[in-house]
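Good morning, and thank you for coming. Please look at the sequence and the structure on the screen while I speak.

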Amino acid sequence: MPTIAPLLLVAILVVTVILVVRLRRSEERFRLLAEHSLDLIGLHDPDGNHIWISPSVEKLLGYTQKEMVGRNAYQFFHPEDLERIRSQSHNVALAGKPVRITYRSRRKDGTYIWLETLTSPVFDSKGGIVRLVTASRDVSARKKAEDLYRFLVRHLPDTSVFLFDDNFRHIIADGSLTGKTIPPTTNLEGGTLFEVFPRDMAITLQPYYRMVFDGQPRVVEQAFRTRIYQITFLPIIYGEDQHVSMGMAVFHDVTEQKRIVQALQEQALDLERSNRDLERFANVASHELKSPLRRIASFAELLAEDYEGMLGDDADDSINEIIEGVRSLSEVIEALLAYSRVQTDASNMGWVDLNVLCDEVMKGLAPVIRDTGAVVTKADLPTVTGDEVLLKQLCQNLISNAIKFYDGPGRPEVTVTAVRELLDWEISIRDNGPGVPQGQRKNIFEMFKRAHSSDVEGSGIGLALCKKIVAIHRGRIWIEDSEEGADFRIRLPARSPEEITDPSASLPPGHWSTTEPPEPRR
Amino acid sequence: MSDVVSNILLVEDHPGDVRLTRRALAKLPYQTDLHVALDGYEAMEFLLRQGKFSSAPRPHLVLLDLNMPRMDGRQVLREVGQNPSLKTIPVVVLTTSSADTDVTEAYRLCANSYHAKPVSFPDFVSLLDDILKYWISVARTPS
């Protein structure tokens, strides 16, 4: 019927106008809100072209509103960020949910600023996306801070840092470990826990990531694949409301340290075992040797007695040689026994004030000091960790040697000083004696080796004993060059008794291991 | 000083050491009769007057070596200590070892004293002198 067609046309026209007006009106309302916002608010078509943009664009990007209308938002993106953002914006279309992106936007003067933009889709009645609404803010300052932070993180040795929000999405995921031992290698930022870490690692880390947001810092040791990490979880409290806004996980690769500690422990056990074997052997050997030795000496003496004068001078001499030989042998056995008995264990380790120890040694050597007129001076000595009995023996051997071997016309002079060298204490015992020739400075610490003639009495194991005691304390002993006399140097590690007993014990966060001894008791 | 001859039981496995003890005693002024047991078994037989030692006298003093084959000094100390009539006999340990563990163990088994045999003969004579003077003259012992 002819009248229906024009009626239909008018109806469609009216509906269209109403719809357009409604759209315009909502856009009008929207515009009002947006014009008064500090953030950059934009309305785009689904391809990203600007339909409208808030006036703040002029302050932020230098362009006027007019200059932006019709242009595509992506035009202003930094080329490096473009690819990344394009794929992420796609999510808006797929998820139909708002998407947050961070990128550099070009200003009219050619410089770039960092923007963080929240893009929200607007749907029509059929569910298709008809508009995109964006809200952007300048995050350049924050980005700069993050970059500085990232720079720092990348340069920490054997460390990686992960900064994440309460959705476990990483804002920072960087360091020297990522790419080497924590896969995967690139573009971890923006990824969630399960996107950044391999599944097995993520599953293990998940409860800790969650616990970070209850505000408690934690340190854990965790093995992944072939490495061992010390992971520190820290809550980041930001803003005035004191709530945990982000979490940080600092990974520190401690595999090497752990391996070294384990090797040391094994070595220590081996050493202990071999020391015990040695002592047992020395005991048995000395016992078995003593009886025949005694018989040789005693019967030689009886011979001398029974046949006195009857066998002639040669026989007397021979008998004396036998007796003398036995005496030497007996001394050697005693020395070996004493050497084998030099041992200690962790329970004997404590703080030892070397000033007090030295004074005690000097008191013990008082007769010798008096007889020789020796002068023993000591500077301020440190307090070290060690076995007091053994260290006293060490000190006594060296000082008494220094006095014993002096062969000059004047008085023996011994000077004891100490100096700190990084993680060690270096103690020096200097004398004015004949010194030790360069060529003998190594093997003088072997048993029964002497640098000088055996006019001076002694068992010949004094220095070997010193070497053993120093070794037990994980130190070093050697002879330094000096103009006159001998300069014995001992290096002892500056560690606390706790560290000596268990070097593998990992201390809880906030607990500082001290290598400084407590105040000396005076 | 008494005229009574003191019976001394020497428990010692090595004949050479036995000879040395005899020679040492010969130099000393004490009236002694030295009896010898070559190991722990013989020592117990002597003390209990068994077998070839059925007419053995009760010793005034026992000089006991620790390390002997078959039955050693420690075992002798144990058995003497458990025997009511024998435990009143003074037993002096005379041995080569000077190890603390041996000393402690001997006293724990109720040895009366412990001495390490010196290497030199004159020192040994002097030691026996001290021991015998003490147990024969100085200390009073059960008769």
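Which residue stands opposite A:Arg476 in S17(A)? The residue opposite A:Arg476 is A:Arg491. Before I go on, please note that this is a predicted model, in which local features need pLDDT of at least 70 and side-chain atom pairs count only at pLDDT 80 or more, while totals for chains, interfaces and linings use all residues. Residues are numbered from 1 along each chain as its sequence is written, chains are lettered from A and ligands numbered from 1 in the order in which they are written, and side-chain values use heavy atoms, leaving out hydrogens and water.

Let me begin with the strands of chain A. Helices (H or I, at least four residues) and strands (E, at least two) are DSSP runs, numbered from the N terminus. Two strands are said to pair if DSSP finds at least two bridges between them. Strand S17 of chain A covers residues 487–493. Strand S16, residues 476–480, pairs with S17(A) in the antiparallel sense over 5 bridges. These two strands, S16(A) and S17(A), form a hairpin with 6 residues between them. In the turn, A:Gly485 has a positive phi of about 70°. Strand S15 of chain A, residues 424–431, also pairs with S17(A) in the antiparallel sense, over 7 bridges. There, A:Ile427 has A:Ile490 of S17(A) as its bridge partner.

Is S17(A) mostly covered or mostly uncovered? S17(A) is mostly covered, with 6 of its 7 residues buried. Buried means under 20% relative accessible area, exposed means over 50%, and partly exposed lies in between (1.4 Å probe, protein chains only).

Patches are made of residues with over 30% relative accessible area and no salt bridge; like charges are joined within 9 Å, and nonpolar side chains (Val, Leu, Ile, Met, Phe, Trp, Tyr) within 5 Å. A salt bridge is a side-chain nitrogen of Lys or Arg within 4 Å of a carboxyl oxygen of Asp or Glu. Accessible areas come from the Shrake-Rupley method with a 1.4 Å probe.

A:Leu9, A:Leu13, A:Val17 and A:Val21 form a nonpolar patch on the surface, with about 360 Å² of accessible area together. A:Leu13 lies in helix H1 of chain A, residues 4–35. A:Leu13 counts as exposed because its relative accessibility is 52%.

Chain A also has a positive phi at A:Arg225, of about 50°, although this residue is not a glycine. Most residues other than glycine have a negative phi. A:Arg225 sits in the loop between strand S8 (218–224) and strand S9 (227–237) of chain A. With a relative accessible area of 55%, A:Arg225 is exposed.

Finally, chain B. How many helices and strands are there in chain B? Chain B has 5 helices and 5 strands, and from the N terminus on its elements run β-α-β-α-β-α-β-α-β-α. Of its 143 residues, 51% count as buried. One residue of chain B, B:His35, is placed in strand S2, residues 32–37. B:His35 is buried because its relative accessible area is 19%. B:Cys110, by contrast, is exposed, with a relative accessible area of 59%. B:Cys110 is found in the loop between helix H4 (100–108) and strand S5 (113–116) of chain B, and its phi is near 70°, a positive value in a residue other than glycine.
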